[in-house]
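User: I have not looked at this structure before. Please walk me through how to read its features.

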Amino acid sequence: MANLFLKILNMSIAASWLIVTVALLRFVLKKAPRWILVLLWGIVALRLVIPFLPESALSLIPSAETFSIHNIQYEMPAVSSGIPAVNNAVNPVLGESFAPNPAGSVNPLYVWTLIVSVIWLIGVAAMLLYAGISYIRIRQSVAERIPYEGNIFLCDYVKSPFILGLAFPKIYLPSSMDAAAMEPVIAHEKAHLARRDHWWKPLGFLILAVHWFNPLCWVAYV
């Protein structure tokens, strides 16, 4: 499990550089077609879920493996961030604090990695549990509904329009919504369905659940 966590950690660090870049580009590309930003965030998502992506001399990622699994488990612990200043600052501290003990069977840093990996797994489980409970509560809140047209329903407990469901998505509107306002709101929600936003948002949350420890992933999700 420690090896899996280190792979996820390396993927998350590598993706962080892309997240910062895309977040900054949002201000530059304010007037650009929306699909460009969607594409850029899609590249970030790929970086977060695919362990190995082709690198190039023009890559924004200094290092795809900041923490070497082999070094942490068997040799002197060290980071390879791709930034010499960071390496020079961090590696001496790691070497002094987690130097291998010849009498020991496991490197001290690897033991800590095992502990952190358990905490990471608990965090993933908590995120998925939260998502499951939230979904059940929403389903229960719209159990009493009135059909409006097609896959559109009115519900007293709905405060603002939203879409619920993956395979058979339904649009829910507040029962108190003014009839004149319904047409543009329904058009807006149908546009979300056409773009498959009801798929992308849960997928984004699933990726966030795996990388919950990275603050920049929360920024990307928002």
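Reading the helix packing

Analyst: Helices α5 and α7 are roughly antiparallel to each other, because the angle between them is over 145°. This is read from a predicted model.

User: What angle and what axis distance describe the packing of α5 and α7?

Analyst: In general, the angle between the axes and the distance between the axes describe two packed helices. Here helix α5 (residues 108-141) and helix α7 (residues 197-210) pack at about 155°, and their axes are 8 Å apart. On the α5 side the contact is made by W120, V124, M127, L128, Y130 and A131, and on the α7 side by F205, L206, L208, A209 and V210. By class, this contact has 11 nonpolar residues, no polar ones and no charged ones.

User: Which elements does the protein contain, and in what pattern do they follow along the sequence?

Analyst: The protein has 8 helices and 4 strands. Along the sequence the pattern is α-α-α-α-α-β-β-β-β-α-α-α. Of the contacts with a separation of 6 or more, 52% are between residues 24 or more positions apart. Buried residues make up 29% of the 222 residues.

User: At what angle do α1 and α2 pack?

Analyst: Helices α1 and α2 pack at about 170°, with their axes 8 Å apart. That makes α1 roughly antiparallel to α2. The contact involves residues of α1 including M11, A15, L18 and V22, and residues of α2 including L37, L40, V44 and L48. The residues of this contact divide into 15 nonpolar, 1 polar and 2 charged.

User: How is α1 placed against α5, roughly parallel or roughly perpendicular?

Analyst: The axes of α1 and α5 cross at roughly 75° and come within 8 Å. Helix α1 is therefore roughly perpendicular to α5. A2, N3, L4, F5, L6 and I8 of α1 make the contact with Y110, T113, L114, V116, S117 and W120 of α5. This contact of α1 with α5 has 9 nonpolar, 3 polar and no charged residues.

User: Which residues of α2 are buried?

Analyst: In α2, the buried residues are L37, L40, V44, R47 and L48. Seen down the axis of α2, these buried residues fall within an arc of 105°, so they line one face of the helix. They pack against α1 (2-28), α7 and α8 (215-221). On the other side of α2, R34, W35 and V38 are exposed.

User: And A45, is that residue buried or partly exposed?

Analyst: A45 is in helix α2 (residues 34-49). Its relative accessibility is 24%, so A45 counts as partly exposed. The C-alpha atoms of A45 and Y221 are separated by 9.9 Å, while the two residues are 176 residues apart along the chain.

User: What span should α2 have, and how far apart are its end C-alpha atoms?

Analyst: At 1.5 Å a residue, the 16 residues of α2 should span 22 Å, and the end C-alpha atoms are 23 Å apart, which agrees.

User: What covers the buried residues of α6?

Analyst: The buried residues of α6 are M182, I186, E189 and L193. Their cover includes the strands β1 (146-149), β2 (152-155), β3 (162-164) and β4 (170-174), along with helix α7.

Key: Residues numbered from 1 in each chain as written. Predicted model: local features only at pLDDT ≥ 70, side-chain atom pairs only at ≥ 80, totals over all residues. Heavy atoms only, no water. Axes fitted to C-alpha atoms, helices over the stretch in contact; angles between N-to-C directions. Helix = DSSP H or I, 4+ residues; strand = E, 2+ residues; numbered from the N terminus. Parallel < 35°, antiparallel > 145°, perpendicular 65-115°, else oblique. Contact = heavy atoms within 4.5 Å. Nonpolar A, V, L, I, M, F, W, Y, C, P; charged D, E, K, R; others polar. Buried < 20%, exposed > 50% of the residue type's maximum accessible area, 1.4 Å probe, protein only. Expected span 1.5 Å × (residues − 1). Arc of directions from axis to C-beta.
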